[in-house]
Amino acid sequence: MEVSKAQGQTNPNEAFKTTWKGFERINFKFEGREAHLTRPEKPLPGNPWLWRARFPDYHAEIDSVLLGKGFHIAYINTNNQFGSPKAVEVWNKFYRHLITTYHLQTKVALHSHSRGGLFAYNWAKQNPEKVACIYADAIVCDFKSWPAGFGTSEGSKKDWELLKKEYGFETDEQAKAYSDNPIDNLDKLAKAGVPILHTVSLNDHVVPPEENSLVLINNYIRLGGTATVSPCGSVVQKSNGHHYEIDNPEMVVDFIISHSTKNRPLNSSTYHQIRSGLQNSQIQFIQNKKGRVAFLGGSITHNGGWRDSITNYLENKFPETEFEFIAAGIPSMGTTPGAFRLVRDVLSKGKIDLLFEEAAVNDGSNKRTSTEQIRGMEGIVRHMRKFNPSVDIVMMHFVDPGKIETYRSGKIPEVIKNHNQVAEHYAIPTINLAKEVTERIDHGEFTWKDDFKNLHPSPFGQGVYAHSMIQFLDNAYAAHIENDGKITAHALPNPIDAFNYENGVLMDITTIKLRKGWEIDPAWNPNDGKKFRPNYVDVPMLISNVPGSRLKVTFEGNAVGIAVAAGQDAGIIEYRIDKGEWQKLNLFTKWSTSFHLPWYYTLASGLVNEKHRLELKIAHEKDEQSNGHACRIRYVYLNK
């Protein structure tokens, strides 16, 4: 094994790279234990992998063949724990780490030798849905055989004492009474349809197959499981028959590949539309070695997870590039808020080279109309490209239960159709994670309830998102860039909707002339223990809770709205434009009882682009759930 130049670490816990039989190996500490992941030169779609349990270099010819065929190989050192519950818990955490960090396939093939069988089967029985298949050679299936030596095996007194201590057994009798060895409780594994293959030596006097593999195989078959045992009769046998050459290693490799790939995860690329691609940002990152990347969206963008994976990916993909990352996700925000806060939260930072935009969940759940969804998304795109014509944009559609139902009914969610209309018109790449997650669930790869869990994804779900996005970026950045490659302006065709919000701005409320009943709190804070959002606390807020109080705002543009903090005392307002008909608007939302929710209410759009007057007054009536008449305006927003 050769240590690569990347090893030069000073921290003993820092990951470093080596080569193993010509393949890259990442070595790191996990839970204080040595671990490594060996990577193939060209991974198979879905990243299938083999997990070695104990003795990772024994029969390593299987590993090298699998690596050559596109498998990853993983190992963590839980030596001297004999597959105990504590070791299994480490394995649980290690599995989650590999799935979320390296985006490996959710079903893993297990390979164990000797006492490694205690690890592999004890973990597999707890996690049958995560196991593609189990291959084992000469494994311990019952610790009463080895290391205890209560049968025909001579056992190992030293290892027996270590095992008892690890499991918490005070006496041999307690250990004998233990009923969760690999030979026991195989029903869930059999029900999950996990195929198993064991090789044995009939001359093995250390771990006799009659007390181990043959017992497990028979128990498994009685439960309806699929099991094969292959005696190896080669003359090359050592250690009292416990070590032997595998008669047919090709059979083992075929077994692992077949069961790891026959229900191979769907290819994420199916759900990607690269369209005009990301060549401009690629040239910028490679040639100019600077990059400003922004993430605009709601809570799924605001929270950590996939966004961190993308920043890590870009830094590793372009190691010489100095990046600035702008996290502009605010919970509850869709395309309408995005279009109007774009200057404040994104463009004020400078020229953006790459923008990730998501809004399908909030645009749908917030009941934005199709017109608003198109005007908001198109406004973001046009405003970005007027500011920087060469900016690359990636549009993402995230998943929620409603979108899953719609796709299963054979339809496309309305919000995704609307956003895709904008993406197609401007040749913007899209990543349809809503459809991908739906079809991968229906393909049996994971479940919403146990794995993805919520529209705010679990760590597992964040890994699914990140895996798809990284595959998209790998494909988008696959083209070779010439040294003289030029950044070019994207086409800016005529708009889909002439009233899109491409000139959205936020109006400073301190410029509004106050009238009786209204005041500006320079640093508003509810101080009531309720939740709030960034930029909506300890900031100026234009406030009235007096029924009948009026406000007049003169503005210029073709759209106007108010961004409010709609808490438990949110009231009802009446408003009109240019002395038109009065209209009512209830500011109280279904979340207001527990949240001072920031909400963007568009009061008028499609106006002639000239000067207008907005009149607003607090109504005497209120929502029956509200305990007040409050109107708290953070911003008046305009499309000029």
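In the predicted model, strand β25, residues 597-618, makes the greatest contribution to the lining of the second largest cavity, supplying 3 residues. This cavity has a volume of about 30 Å³. Its lining consists of Ser332, Gly334, Pro337, Asn366, Arg368, Pro598, Trp599 and Tyr600. By class, these residues comprise 4 nonpolar, 3 polar and 1 charged.

The structure contains 2 cavities of 30 Å³ or more. Gly46, Ile99, His103, Leu104, Gln105, Thr106, Pro265, Arg440, Phe460, Gly463, Val464 and His467 line the largest cavity. Helix α19 gives the most to this lining, with 4 residues. The lining of the largest cavity divides into 5 nonpolar, 6 polar and 1 charged residues.

The largest pocket has a volume of about 1300 Å³ and is lined by 37 residues. Of these, Arg39, Tyr102, His103, Tyr313 and Ile470 lie nearest the centre of the pocket. Two or more lining residues are contributed by each of β2 (16-20), β3 (23-30), α2 (85-102), α11 (306-317) and α19 (459-476). The largest share of the pocket lining, 8 residues, comes from α19, the helix that also gives the most to the lining of the largest cavity. His103 is listed in the linings of both the largest pocket and the largest cavity.

The protein as a whole has 19 helices and 26 strands. Its C-alpha trace spans about 100 × 60 × 50 Å along the principal axes. Of the 640 residues in the protein, 57% are buried. Among contacts between residues at least 6 apart in sequence, 77% join residues at least 24 apart.

One sheet was considered in detail. Strands of a sheet pair through backbone hydrogen bonds, either parallel or antiparallel. Here 6 strands form an open sheet with mixed pairing, in the order β13-β18-β17-β16-β14-β15. Strands β13 (272-273) and β15 (322-329) stand at the edges; each has a single partner strand, so one side of each is left without a neighbour in the sheet. The partner of β13 is β18, residues 430-432, to which β13 is joined in antiparallel fashion by 2 bridges. Within this pairing, glutamine 273 stands opposite threonine 430 in β18. Helix α17, residues 433-442, packs on the sheet and touches β13, β17 (392-397) and β18. The direction of α17 makes about 30 degrees with that of β18.

Isoleucine 393 belongs to strand β17 of this sheet. With a relative accessible area of 2%, isoleucine 393 is buried, since residues under 20% are counted as such. Beyond residues up to four places away in sequence, isoleucine 393 touches Leu278, Leu355, Val381, Met384, Arg385, Ile428 and Pro429. Aspartate 353 is 40 residues from isoleucine 393 in sequence, and the C-alpha atoms of the two are 8.5 Å apart.

Isoleucine 139 is located between β8 (131-137) and α4 (157-167) and has a relative accessible area of 1%. Apart from neighbours within four places in sequence, the contacts of isoleucine 139 are with Ser112, His113, Ser114, Gly117, Tyr121, His198, Val207, Asn212 and Ser213. Phenylalanine 285 is 146 residues from isoleucine 139 along the chain, with a C-alpha separation of 51 Å.

Several backbone features were also noted. Most residues other than glycine have a negative phi, and most peptide bonds are trans. A cis peptide bond, with omega of about 10 degrees, joins tryptophan 146 and proline 147. Proline 147 is found in the loop between β8 and α4, the loop that also holds isoleucine 139. Histidine 59, although not a glycine, has a positive phi of about 55 degrees. Histidine 59 lies in the loop between β5 (49-53) and α1 (61-68) and is buried, with a relative accessible area of 7%. A positive phi of about 55 degrees is likewise found at asparagine 185, also not a glycine. Asparagine 185 is situated in the loop between α5 (172-176) and α6 (187-191). At 45% relative accessibility, asparagine 185 counts as partly exposed, whereas histidine 59 is buried.

Notes
Residues are numbered from 1 along each chain as its sequence is written. This is a predicted model: local features need pLDDT of at least 70, side-chain atom pairs count only at pLDDT 80 or more; totals for chains, interfaces and linings use all residues. Side-chain values use heavy atoms; hydrogens and water are left out. Buried means under 20% relative accessible area, exposed over 50%, partly exposed in between (1.4 Å probe, protein chains only). Contact means heavy atoms within 4.5 Å. Two strands pair if DSSP finds at least two bridges between them. Axes are lines fitted to C-alpha atoms, for helices over the stretch in contact, and angles run from 0 to 180 degrees between N-to-C directions. On a 1 Å grid over the protein atoms alone, a cavity is a set of points where a 1.4 Å probe fits but cannot get out, and a pocket is an open set with protein on both sides within 12 Å along at least five of seven lines; lining residues have an atom within 4 Å of a point. Grid points are joined across faces, edges and corners, and a volume is the space filled by probe spheres set on the points. Ala, Val, Leu, Ile, Met, Phe, Trp, Tyr, Cys and Pro count as nonpolar, Asp, Glu, Lys and Arg as charged, and the others, Gly among them, as polar.
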